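Me: Please take me through the packing of this chain, question by question, and keep each answer tied to the coordinates.

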Amino acid sequence: MNIHPSPSASFLAAQYAAVQARIDAACAAHGRVRAQVQLLAVSKTFPAQAVQSLAELGHTAFGENYVQEGVDKITHLAPHWPHLDWHFIGPLQSNKTRKVAEHFAWVHSVDRLSVAQRLAQQRPPHLPALRVCLQVNISAEASKSGVAPEQLLPLAQAVLGLPRLHLCGLMAIPEPSADLAHMRQRFAQVRECRDQLEQRLGWALPTLSMGMSEDLEPAIAEGATWIRVGRALFGARTPVQSPPEL
Ligand SMILES: *Cc1c(COP(=O)(O)O)cnc(C)c1O
């Protein structure tokens, strides 16, 4: 895993203010209550120092999508920053669930029962219930992770029966498009899935985790409660060049 050097504190402060301004503007434009849209700072590929710079500005919610990289940052920062909220947002393999259950507060990307069962078994009893979202595959692309909309109900029912997990809502990553109207349609579909599921389960699903750097505005327009923002905060994730072979 290539870790970028940390951007400077002043760069991060400026990016942070710019993203907050985008969220404010989108909420104003679409009649959303600002306090109901939360910013998840996706710190993957950036070092603990970058997280600390945002924490010093008062930010507390961070997202990671590689287990070991996330756990390294969490354990490094924990002594001085015990109150950060860490969200796991990446594809999760069964053999990596224990570290996620032990170190994270949220998992956005649950898409199969076996993973949910392991998280439930492995969540330490002294910690609050692990908050989980089900990842739904709206675009129906075979290559993307996420459960098909018609599989949501049985999965959600099973997850509700598990101890130590709290089912909060849905997460989605629609395929990116420069056409914002198209993105809005996709995000609206996620919200409709959530509304239907909530009704069928008789269980509140307040969380909609959707929208990233490029499409946070259409996501907010359609009801996002967590937007997951990486590049607009930390800068581009450039693949680091490997050294030339000798
Ligand atoms: C990387 C990542 C993000 C952030 O994407 P940006 O385009 O950098 O804002 C959001 N969600 C998930 C699941 C990711 O892996």
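Me: In this predicted model, which residues of α3 are buried, and which elements are among those that cover them?
Reply: The buried residues of α3 in this predicted model are V67, E69, G70, V71, K73, I74 and L77. The cover over these buried residues includes α2, β2, β3 and α4 (97-103).

Me: At what angle do α2 and α3 pack, and how is that arrangement classed?
Reply: The axes of α2 and α3 are 10 Å apart, and the two helices pack at an angle of about 55°.

Me: Which residues of α2 are buried, and against which elements do they pack?
Reply: Helix α2, which spans residues 48-56, has A48, A50, V51, S53, L54 and A55 as its buried residues. Just after α2, G58 takes a positive phi of about 100°. The buried residues of the helix pack against α1 (9-30), β1, β2 (61-64), α3 (67-77), β3 (85-88) and α9 (231-234).

Me: How do α1 and α2 cross, and which residues make the contact?
Reply: The axes of α1 and α2 are 10 Å apart and the helices pack at an angle of about 55°, and α1 and α2 are therefore oblique to each other. The crossing of α1 and α2 is right-handed. The contact is made by A9, L12 and Y16 of α1 together with A50, S53 and L54 of α2.

Me: How many bridges join β1 to β2, and what is the bridge partner of A41 in β2?
Reply: β1 and β2 run parallel and are joined by 2 bridges. The bridge partner of A41 in β2 is F62.

Me: Which residues of β8 point one way, and which the other?
Reply: In a regular strand, side chains alternate between the two faces of the sheet. In β8, residues 226-229, all are buried, and W226 and R228 point one way, while the other way is taken by I227 and V229.

Me: Is M171 buried or exposed, and which residues contact it beyond its sequence neighbours?
Reply: M171 lies in strand β6, residues 165-171. Its relative accessibility is 0%, so M171 counts as buried. Leaving aside neighbours within four places in sequence, M171 is in contact with I89, H108, S109, C133, L134, Q135, V136, S209 and R228.

Me: How do α6 and α7 cross, and which residues make the contact?
Reply: The axes of α6 (residues 152-160) and α7 (residues 180-201) come within 10 Å and cross at roughly 55°, which makes α6 oblique to α7. α6 passes α7 in a right-handed crossing. The contact is made by L152, L153, A156, Q157 and L160 of α6 and by C193, L197, R200 and L201 of α7.

Me: Why does C193 count as buried, and which residues contact it beyond its sequence neighbours?
Reply: C193 lies in helix α7. Its relative accessibility is 14%, so C193 counts as buried, the cut-off being under 20%. Leaving aside neighbours within four places in sequence, C193 is in contact with V136, I138, P149, L152 and L170.

Key. Residues numbered from 1 in each chain as written. Predicted model: local features only at pLDDT ≥ 70, side-chain atom pairs only at ≥ 80, totals over all residues. Heavy atoms only, no water. Buried < 20%, exposed > 50% of the residue type's maximum accessible area, 1.4 Å probe, protein only. Helix = DSSP H or I, 4+ residues; strand = E, 2+ residues; numbered from the N terminus. Axes fitted to C-alpha atoms, helices over the stretch in contact; angles between N-to-C directions. Parallel < 35°, antiparallel > 145°, perpendicular 65-115°, else oblique. Left-handed = near helix turned anticlockwise from the far one by under 90°. Contact = heavy atoms within 4.5 Å. Pairing = 2+ DSSP bridges.
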